[in-house]
Structures are given as C-alpha cells and as structure tokens.
Amino acid sequence: MLKARNVWWILALVALVLFPLIETNPTYTTIGIFTLIFMGCATSWNMFSGYSGYINLGSAVSYGVGAYTMALLADHLHVPGNGDLFWLIPVGGLAAMIVAVPVGLVALRVRRHTFVVITIAIFFVFQLSAINFSFTGGTSGLQLPLIPWLETNYNKPFYYSALAITVFAALLSVAVRRSRFGLQLLAIRDDEDRAAGLGVKVFAVKLAGFTMSAFAVGMGGALYAVFLGQIYPQFVFDPIFDISIALMSIFGGLGTLTGPLLGALVLESTQQYLTIRFSNGSLYLIVFGALFLVIVLFMPQGIVVYLSDWRSRRAARRVEGARVVVGEAS
Amino acid sequence: MNGTAVLHSIIDGVLTGSVYALMATGLTLIFGVMNIINVAQGIFVILGAYLSYALSVHLGIDLFVGLAITIPTLFVVGIVVERVFLSRIKGPERVVMSILVTYAISLVIEGVLNIVFSANYVELHAWYVNRSVRVFGIYLPYIYLLGFALAVVLLGALYIMLYRTRFGASVRASLSDQTSAALVGINVRRVSTVCFGLGVAVTAAGGMIYGATNAFNASSSYDLISRLLVIIVLGGMGSIGGALVAGIMMITIEDLVSVVWGPVWSNLAFFLILVAVLSLRPQGLFGKPSVRVA
C-alpha cells in the first residue's frame, strides 16, 4: 500500500529520469545537470546545518576539495578520458570527508555564531591556498582529460550521475532524520546544553554530521570538474556557492527534507536560465542578493513551511467561519 | 633575509595592522552591542575606498579632506541598512539571519560597484602615496605613517566617546547586558542603530588607507572580510581591546611570515594561529567564555 506522499516522490523521480530523454537540447540538459548538483549539495548541507542549526558557510571547501581531487587524480593516475573518470567521483567525496575532519575539529569547538564566522574564514584560506600553491595550478586552474563522446549524448552520463548523487543525498538525509543520530542533531539544534546534560556526546555527533554532509558535496564538486573539463580556484572555491547552498535550503525550509530539494530546483534553474539569458554577472549578483533579502526578511521559515502554514491558516479560518455560522444558528 | 628586513616588516605590520584594528573594532562593536555579525563590513571598506576614489578623481578632493564627506556618508549608509533590514530580524536564529542578510547586502553592493566602477583594479593616488621617509635606514612610506596616525586618532575618538560620554556609558551598558540596559532606561534600539552607523563609518577611513596601499576592486572585499573575521574571532567576539591587539598582531605576523618564508605561507599562518588560539581558548584571546543564558 503506497502512501500518497510516496506516490509524489516516485512521480518526481520518474520525471527527473525522463527529462533528458524527452528534452535533448543541450542548453536545457546542462541547466538540469547544474540544478541536480545543487539539489544534491543543498540536501547534504541541510543534513548537518539544517538539522543541527550550525550554519556552515564554508561548504565550498568540500565542493572544491572534491573538484581538485578529481582533477589531480585524473592527471596523476593518467586516467583516460572515458567513463573511468566517473569512478573517481566517490573518491572526491571521500577526500572532502577527510578534509572535513580537521576543519570540523577546529570549527566545531565554538558555539553556533562563532562557528559561522570560522567556516567563512576557513573557506577563504582554502581559496587562497588553491590560488597560491603550485600543485593546484594557481589561478590558471587544472585541465581534465576530455571525453570524446558523441555530441548528442554528451550530457546524459553527467545528468544521471548528478541524479544519482541527489538521490543518494536525499536517501541519506531521510535515513539520518529517522535515526537516533538524527534526533541527537535536532536536540543539539533545540538546546545544546540540555542535550549534553541528557548524555548526547555533542561534539562527536556534530563532527560526525559535519563530516557526513561533506561527502555528497565533494561528489558534486568532482562531477562538476569532469563535466566542465577545467577548474579554476575562484569557481570551485566560490563564496557564492557557500551562500547559494544556504539560501536554497533556507528558501525551501531549513531542516526539512523537501526544502533544499525544492529550493535548489527553483533557484538554481532560474539562476542558470538568467545567466544564459543576460550573461551579466554583476546584474545577477544584484538580483540574487535582493531575492535573498526578500526571502530572509519576509519568509524566514522557507516556502515549504510558509505554504503549509498558509494552508493550515486557511483551513483554520474555514473552521472558524463554520463555528461562527453554527454559533449563530444555535 | 636579515635583521633590518625583519624589523622593517614588524614596523610595517604595526602601522598597517592599526588600520585593520580600526576596521575590526567597528565589526566587533556591532557584534557586541547588537549580536549581529556584519559580513558586509568588507564591502563597506571597498565602498569607502571607491567613494574616496570618485572624490579624488572627479572632483580633485584630497583623500584626507574627502574623509569629511565619506565618513558621514557611510555613517548614513549604516543607519539606513540597520533601520531597513537588520531591525526587522527577530527570533532565536537572529545572529545567523544577520549573517545571511548582511551577506546578501554585500552581494548587492558588490554588483552595483562592479557596474559603476567596472571590475578593473584601481588605486588611490596623492602626492604622499608613493613617497617615503627614511628613519634609521628604514624607508617608511608616508601613507603608512598617515594611516597609522589616522587610525590612532579615530580609535582615540572612539575611546573618548565610549568612556567619557553619557552615550558611551549607554553603549557599554548595552555591550555587557542588553536586558539590564533596557531595564535602567537605556534606549537600546537607538544605541544599536547609532553603533551600527559608527561601526560602518570607520570603514570609510579604513577603506581610504586600504585603497591607497593596495590596488582594489569590488571582489577585494572577500579578502578583507576574511581577515577581519579572523581578527575579531581571535580577539574574542565583542571585545574592543581584543580586536585592537589581534588586528595589530595578525598583520604583523603575516608580514613577518611573508618576509621569512614567502607570501604563499602568510595566509596559512593566519589559519594556523586561529587553530592554535581556538584550541587553547575557544572564546578568543579576550572574549568572555560562553555561558548559558536562558
């Protein structure tokens, strides 16, 4: 027996699977790939930051580490430009997790507010290191082997890899949410001192969550590197990425499962479309910032919660109306 | 590498560090009074630098004279930002929301600056920018000395305002405990708004010196804000003295590392110091340990 909610999930998944088969224009499938990468990353980010309330504004560290791991390994292992590159995507995720451990050990020593500041600072250290060190290729970045596929099929393998990452992140997020570990993260969000008093090993739980959430983000970065064939420090360690991921999750609804997926779906596809349409980076910054301000100031709970609130308010009003009518009749 | 070079880098570090200390003081004052982390501080510095640039290029106004216009302008910008956006943020996630809102504000300003001034790097010019004075065999650029003097004057003014005036007493009361301050009749809202204005206004001076010592464009704000954030975390969030000490200390160490091991390592030194200090004192050098409030 299928619940109505699960039917919607399956329909959404089928639609996503069918999309590149129906829409073959590479412009739109490219938008699809970026959107899916962001859906996966936002979901994974939300699994730690949304559940625990520790807002990580340095998630591009994981993304960049994934991308650089992919580029460096492809080069040093002499991986030919074919499907073999895709096996390195999980390796990029693992590298992001490994890097997340020391970062977490430092950043998670402090409480929420300072944590946000430290993640921003650590992010810039990574970006500057990628620019300054020679093994990363400096500002000219790194090249990946080109994949000589047929032009018409080019996007499909990337699209389905991105979809796989997103599905993985969503399933992991659900599993965490339903587990004891997920409850501990939520307890930390609600009251960290009380959670500690009740025996939650808060530091270990935070560190585990932080590290786990780096995995899918690192895979997203690795896929991005293969897809574009070239990476630059300022595009993989991108401050806009940090803020976009947070914005998408907050826009959709922080700490919910649907929120980050929906937020990324709406915002990233719009953003890609606007970039293709107007190709003016500065104008995009202004629109993006302004949109962000509107969302944070007027719908701080996110659209998922906003809409369900609105629905329940409407239902409440209807009940209230009915009560008035009944009251008058009696 | 020799002794003179090391001494030189220490002196340079103290002189430029004082300007960073000034900018960080604004940031930490805002955090201490309002519990808001103003991530837009970096772009405000650049905005101040561009204002000085526009005044000196288009109207021929001297950089230091121009401060009489740019400081009040940024004060007003700060007040407007606080009134329109920040005062609307409420609820338990206030600090995090403030970071996101100021981040968004900085994106918007960055986009506008890119359109108005283009993304090409510019520098501020004046007769004292490229000259230096020789003291005991060390060449000190005039602009470093002037910047140091300006930072000292403004920090002194801030000190007098905080410790010798009635308004300063209200600010210090709000810094230590907002609720009690409100209970004894201090208008915490007004204090917050003015403090945000002051915290932003100091960036006009910082931005002018920054623009005269570095080539900059709108994205230089990222480099600035990362340094300023590290400085206030190290000094202890909300501690003004901490911001002063950490500002001068960090920039001096950065200059030293750059001279001794090369500029590539100076950014990492920044990070390693942060790690070391936070491992020993999570609340920063001069911060109060976090206590449970509610």
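This is a predicted model: local features need pLDDT of at least 70, side-chain atom pairs count only at pLDDT 80 or more; totals for chains, interfaces and linings use all residues.
From the N terminus on, the elements of chain B run α-α-α-α-β-β-α-α-α-α-α-α-α, and that makes up eleven helices and two strands. Helices (H or I, at least four residues) and strands (E, at least two) are DSSP runs, numbered from the N terminus.

Residues are numbered from 1 along each chain as its sequence is written, and chains are lettered from A and ligands numbered from 1 in the order in which they are written.

**Chain B as a whole**

- The radius of gyration of chain B is 19 Å, which agrees with the value near 19 Å for a compact globule of 294 residues. This radius is taken over C-alpha atoms, and the globule rule is 2.2 Å times the number of residues to the power 0.38.
- Along the principal axes, the C-alpha atoms of chain B fill a box of roughly 60 × 50 × 35 Å.
- Buried residues account for 50% of the 294 in chain B. A residue is buried if 20 or more other C-beta atoms lie within 10 Å of its own, exposed if 12 or fewer, and partly exposed in between, with C-beta atoms placed from the backbone.
- Among contacts in chain B between residues at least 6 apart in sequence, 77% join residues at least 24 apart. Two residues are in contact if their C-beta atoms, placed from the backbone, lie within 7 Å.

**The hairpin of chain B**

- Strand 1 (residues 132-135) and strand 2 (residues 138-141) of chain B run antiparallel and are joined by four bridges. Two strands pair if DSSP finds at least two bridges between them.
- The two strands of chain B form a hairpin with two residues between them, and F136(B) in the turn has a positive phi of about 50°.
- Across the pairing, S132(B) stands opposite P141(B), and R134(B) stands opposite Y139(B).

**Chain A as a whole**

- Chain A has a radius of gyration of 21 Å, close to the 20 Å that the globule rule gives for 330 residues, so it is as compact as a globular protein of that length.
- The box filled by the C-alpha atoms of chain A is roughly 85 × 50 × 45 Å along the principal axes.
- In chain A, 48% of the 330 residues are buried.
- For chain A, 80% of the contacts between residues at least 6 apart in sequence join residues at least 24 apart.

**A helix pair in chain A**

- Helix 6 (residues 155-178) and helix 9 (residues 202-228) of chain A have axes that come within 10 Å and cross at roughly 175°. That makes helix 6 of chain A roughly antiparallel to helix 9 of chain A. Axes are lines fitted to C-alpha atoms, for helices over the stretch in contact, and angles run from 0 to 180 degrees between N-to-C directions. Angles under 35 degrees count as roughly parallel, over 145 as roughly antiparallel, 65 to 115 as roughly perpendicular and the rest as oblique.
- Residues making this contact include F158(A), I165(A) and F168(A) of helix 6 of chain A, and M219(A), L223(A) and F227(A) of helix 9 of chain A.
- The contact between these two helices of chain A divides into nine nonpolar residues, two polar and no charged. Ala, Val, Leu, Ile, Met, Phe, Trp, Tyr, Cys and Pro count as nonpolar, Asp, Glu, Lys and Arg as charged, and the others, Gly among them, as polar.

**Where the chains meet**

- The contact takes 37 residues from chain B and 36 residues from chain A.
- On the side of chain B that touches chain A, helix 4 (94-117), helix 9 (220-235) and helix 11 (263-280) of chain B each give two or more residues. Helix 4 of chain B gives the most, with 16 residues.
- That side of chain B divides into 28 nonpolar, six polar and three charged residues.

- I122(A) lies in helix 5 (residues 112-132) of chain A and is buried, with 24 other C-beta atoms within 10 Å.
- Leaving aside neighbours within four places in sequence, I122(A) is in contact with G58(A), V61(A), V103(A), A107(A) and F271(B).
- V305(A) is in helix 14 (residues 303-329) of chain A and is partly exposed, with 17 other C-beta atoms within 10 Å.
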